[in-house]
Structure formats: structure tokens, C-alpha cells
Amino acid sequence: MNIKQSLEHGIKILRENNIDEAILKTKILLSYALNKNKEYLITHEQEELTEKVINKYNSYITRIKNNEPIQYITQRQEFMGLSFLVNEDVLIPRPDTEILVEEVLNIIKVEQKNKVLDLCTGSGAIGISIAKYVQNAKVTLLDISNKALKVAKVNYINNILPVESSRIKIIKSNLFSEINEQNKFDIIVSNPPYIKTSVIYTLEKQVQKEPLIALDGGAQGLDIYKKIIKEAYKYLVDDGYLCLEIGYDQKEQIIKLIKNTKKYNNIYSKKDLAGNDRIVICKKEEN
């Protein structure tokens, strides 16, 4: 079987199983199986494939057919112009989250702040992107999951020069449990679990393959936010920022939680490119 025939075969299977973007996904998977770029498929469409490559490619097609995210097969996701390792132990970084990172980068530029805590870091995409684009940033990547932190470590090694690795710290912690209150940050940024428990099993099947711990925000989707908002001010310098990604329908609830603490001011939100409320930012009041 040659490249052209393999692509046609894969497209047919995915379409029969109502998989979106069948053409694009088959090209990505065959490129990955061959360890070539997609352009190679066009210029070598008559090339006969080895049995090893065909078997590998067919196994990928089966996994896609079974609703596994393509990022878990290729183990790669682009985010903020960087390449990140992803697997079943971490949430797949989404373009929407770039809105959060861009806002943090803007705050750093304007306020000249550089000590950042990435809470619920997962793959490390948020914190590592900040460290990559702010040369003097000191970033702590924190997560409760050892498996997630292993992925984050690989990602900072792949994206941050060895001579700069001292700017990155990794901590296993259940939110702030392992953080000393004397160790204060200029910015705490987080994309915590925020899906309502009852909604998770109505999500796209590919999303349901992602780690439950990174999705489930409790009955109202607010469990982790309540803990973060209640505690974060203790670990922020005066005028430090708390920067949160939110669900599209959670803005009013999150802002209410923030206001009720009477610990923060300068509260504002921003929308993503689809026009949905995506982030809420606030500032710790001075003592």
C-alpha cells in the first residue's frame, strides 16, 4: 500500500465513524508514523509503505476512531508558538488559554513583576510560556499530580535553555499546602478544573478522555476557585495579581467570590476570540 492509498483508507474509516477533520487527521497520523512532514506525503504519494509503518498508522486510526485525542497519539500540542509534550496525564492546552498568558505577559511588562506561580500547572504550558517570553521571570510550576509534573519537567527542559533552568521550580502540592506564606509571588495564575461534575459526561468524547482531575470542578464547577480565591492573597505581595481562566458562563460567580473576600480590588475580565468571557483578573489590596 502506498501513501496515497493509505490516506484514502484512513479517511474512509474516520468518515464512516463520523470523526471530524478526517483528511487533516489522517495526514497528521501518517506523517507521524513516517516521521516526515505533511509536505512529504504530497511529493511522495506513490511511495510504498513498510508493514511496520502501515501497522503503526492503522493503530493510530483505530485510536482516533475510538475518540482518543490526536494530541495524545502524537504527544504534541502547540501553545503560544511553543511545542509541548502532552499525554493522558495532562489536559491538552487550548488556544483560549493563550488569552490568559497574554494578559499575564502584559501585566509583567507594565508592572515590572517577575515572580509567578502557575497553580494547577498540568503540562506546564502557562508557566513555561511566561518563562520563555520574559527573560527574568522566576516561575513555580505547581500541581497535585506527580504524573503531570513529570510532563511539565520534560516541557521546561525542551523549551527553556539549560542555563536558564534555575528560573523554573517544580512543586508537588495540593494547591497552597506546600507553599510557605513567607514565599510570596507577584502573580498567581491558574487554569483550574472548572467543569460541573454533571456536565463532564455530556462533553465531546475526546474531551472525556482527558484527566478527570483536570476537568471536574465539583457540582457547580466552583470548588477549586473557592479555595484559590480564599487563600491566594496570603501568597501574593501587596498589589500582586490573581489571574484566572474561567468557564464561559462563570464570570459573575467568580467576581462575586472575589468581592466577598474583601481582599482584592481592580477586578476585570476579558473575552476570548469567540467572544466568551474567558479570564478574570484581580489585584490584592494593600495591607
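Buried here means under 20% relative accessible area, exposed means over 50%, and partly exposed lies in between (1.4 Å probe, protein chains only). Helices (H or I, at least four residues) and strands (E, at least two) are DSSP runs, numbered from the N terminus. The model shown is predicted, so local features need pLDDT of at least 70 and side-chain atom pairs count only at pLDDT 80 or more, while totals for chains, interfaces and linings use all residues. Residues are numbered from 1 along each chain as its sequence is written, and side-chain values use heavy atoms, with hydrogens and water left out.

**View 1. Helix H7 is mostly covered.** Of the nine residues in H7 (residues 125-133), seven are buried. Look for Ala125, Ile126, Gly127, Ile128, Ser129, Ile130 and Ala131.

**View 2. Helix H1 has a buried side and a face turned away from it.** H1 (residues 3-16) counts 14 residues and reaches 20 Å from its first C-alpha to its last, close to the 20 Å expected at 1.5 Å a residue (1.5 Å times one less than the number of residues). Ile3, Ser6, Leu7, Gly10, Ile11 and Leu14 are buried. They sit on the same side of H1 because they cover an arc of only 130° around the axis, taken from the directions from the helix axis to the C-beta atoms. Their packing partners are helices H2 (22-34), H3 (38-43) and H4 (51-65). On the face turned away, you will find the exposed residues Lys12, Arg15 and Glu16.

**View 3. Strands E4 and E5 run parallel.** Five bridges join E4 (residues 138-143) to E5 (residues 168-172); two strands pair if DSSP finds at least two bridges between them. Leucine 142 has isoleucine 171 in E5 as its bridge partner. From E4 the chain passes through helix H8 (residues 146-159) to E5 in a right-handed β-α-β crossover: with the strands pointing away from the viewer, the path from the first strand over the helix to the second runs clockwise.

**View 4. Strand E9 is joined to E7 and to E8.** Eight of the eight residues of E9 (residues 277-284) are buried, so this strand is largely enclosed by the rest of the structure. Five bridges connect it, antiparallel, to E7 (residues 236-245), where cysteine 243 partners isoleucine 281 of E9. Six bridges join E9 to E8 (residues 264-271), also antiparallel, and lysine 270 partners isoleucine 279 of E9. The E8 and E9 hairpin has five residues between its strands, and glycine 275 takes a positive phi near 85° there.

Note on methods: Contact means heavy atoms within 4.5 Å.
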